[in-house]
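Hello,

Here is the structure I promised to pass on. Please open it first, then read my notes below.

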Amino acid sequence: MTPVFPIQLKKPMYYAAFYVLLAVIMGVAAVYQPIISMLGLAVLFMCIYAIYQPEKMSYLVLLSTAISINYIVEANFPGLEILSLYKLGILILLVPSMLQNGLRMKFIYPIVAIAGMLFITLFFSEWHPRLTLSITLKAFIGLALPFFFLMIKWKKETAEKHIRIICLLPVVSVVTGAVLQLVHLYSFLNVEFTGAIRVQGANIAPHLAMLAFLGITVALIETKRNPLNAKFLYCTLAANFAILIATGTRGPILAMLAMAGYYFFDMVKQYIKGKLILLIPLVCSLALIGGAVYLQWDNMTKRSFERQTGTGIDLSGRTEAWNYFLKGVKDSPMTGRGLGAVTVANDGSLYVGFVVPHNEYIRFYYDSGYIGCILLFLSLLVLFRMIYRVIPQRIKIYYAAFILAFFLYSMSDNTLSTIQFIIPFCWYLNGLYILSTTNSKKEELI
């Protein structure tokens, strides 16, 4: 395979002189600006590591999505908040991987769609009064960035490891959160005003739920695609389901019902055909679901109190938020209020947690109207179809259910704009495509 951007990275001995000189400069700078110098040195070492070990750096970058850094670290750089710095940092660290492995340009459709939304914003949208060009550009970069990770041509072995890491992300978050709790840097649990207790690990509860959702759905697909890893996958599946229930988040559970239902149907069908060994995971799964629901029932009922909205339907305040944002864009339905406008639209009349409407269809309708919203989701459908065409027949229904779950989940949360969802999601789609095309080529040769 010939990379799109080939590069050879060597370690000539004369680099040592450069490192020594750099160390002297950093040492002098540390006397005057110690904190900035330490951060600069850490960034430098990470960049050097990314150049010499791009695959290993990709593992660290993917693992970093298990932590909602913007809720744990309160720091800003002139013009950029911590989350923007994080996004910029991971892009820089993965540039060597892009150069060495190359990019799959046919997956560029979502980036083109987001660029189209930027074009609509600059020339046609009715800008929100608080929207600025810098906010628009940050929104464009933040939304487009994860889709670059979808395009990297990883080696098959690297893609396999990425998928295993995605299955482990919720566990990594919980373990990291426990450590942060022990050193009093972050709270492992979140107690809501309703009295509900939610596990949040090294994230906030909704972000941890996103990681768990992906850990569960990816593991379900992988048990069918790669049965040789069944023991690992079933263990992570059980752990991730327990974590999801502990977060007290209902959206992902409802979104994956179709996928889980078909999975149980498929297992029962195979059991009837004679695969008796499947009785063990089937019974264990049912026992786990029953036990988890029993233990979390009180939390679920506390979080499901009926708000005085006049609708009789509780969506944790989402119905109020949806109505608010829909009213805000009614005068510019075709081109919206500008990319990123949704982040400054809340004038204080909504709960402060609703910086965005927790509905990606309304979000992008608000930002770029019918035209931009349709353009974005149409590009995603094209992308999903390209992957569907190459995956093995035995997992096509599971994959379709996975994509359906994504679209359903997008109705109640920020799937396309939250790092803890969209980066692992794109990473898995990329790995699934790589492994499917690699295996199909081997089968053709045989």
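In which loop does histidine 358 lie? Histidine 358 sits in the loop between helix 14 (318-328) and helix 15 (360-388). Helices here are DSSP runs of H or I with at least four residues, strands are E runs of at least two, and both are numbered from the N terminus.

Two points on the source before we go on. This is a predicted model, in which local features need pLDDT of at least 70, side-chain atom pairs count only at pLDDT 80 or more, and totals for chains, interfaces and linings use all residues. Residues are numbered from 1 along each chain as its sequence is written, and side-chain values use heavy atoms, with hydrogens and water left out.

Back to histidine 358. Its phi is near 60 degrees, a positive value in a residue other than glycine. Histidine 358 is buried, with a relative accessible area of 15%. (Buried means under 20% relative accessible area, exposed over 50%, and partly exposed in between, with a 1.4 Å probe and protein chains only.) The side chain of histidine 358 reaches the backbone oxygen of valine 356 at 3.1 Å. Histidine 358 and methionine 411 are 53 residues apart in sequence, but 7.3 Å apart in space, C-alpha to C-alpha.

Now look at histidine 184. Its phi is also near 60 degrees, a positive value in a residue other than glycine. You will find histidine 184 in the loop between helix 8 (156-182) and strand 3 (189-191). Is histidine 184 buried or exposed? Histidine 184 is exposed, with a relative accessible area of 69%.

Aspartate 413 comes next. It lies in the loop between helix 16 (396-409) and helix 17. Aspartate 413 is buried, at 5% relative accessible area. Leaving aside neighbours within four places in sequence, aspartate 413 is in contact (heavy atoms within 4.5 Å) with Pro206, Met210, Arg318, His358, Asn359 and Glu360.

Isoleucine 434 is in helix 17. It is buried, with a relative accessible area of 4%. Beyond four places in sequence, isoleucine 434 is in contact with Arg104, Ile152, Lys153, Trp154, Lys156 and Ala159. Isoleucine 434 and glutamate 157 are 277 residues apart in sequence and 10.0 Å apart in space, C-alpha to C-alpha.

Then the cores. A nonpolar core is a set of buried Ala, Val, Leu, Ile, Met, Phe, Trp, Tyr and Cys residues joined through side-chain atoms within 4.5 Å. The largest has 97 residues, and Phe384 and Phe425 touch the most other members. Helix 17 (residues 419-445) gives the most to this core, with 13 residues. Another core lies apart from it, with 14 residues, among them Leu131, Phe354, Ile362 and Tyr366.

Last, a helix pair. The axes of helix 6 (residues 109-123) and helix 7 (residues 133-149) come within 9 Å and cross at roughly 170 degrees. Helix 6 and helix 7 are therefore roughly antiparallel to each other (that is, the angle is over 145 degrees). The residues where helix 6 meets helix 7 divide into 13 nonpolar, two polar and no charged. Among them are Ile114 and Leu118 in helix 6, and Phe140 and Phe147 in helix 7.

Best wishes

Notes
Axes fitted to C-alpha atoms, helices over the stretch in contact; angles between N-to-C directions. Parallel < 35°, antiparallel > 145°, perpendicular 65-115°, else oblique. Nonpolar A, V, L, I, M, F, W, Y, C, P; charged D, E, K, R; others polar. Polar contact = N/O pair within 3.5 Å; in protein donor to acceptor, adjacent residues only side chain to side chain.
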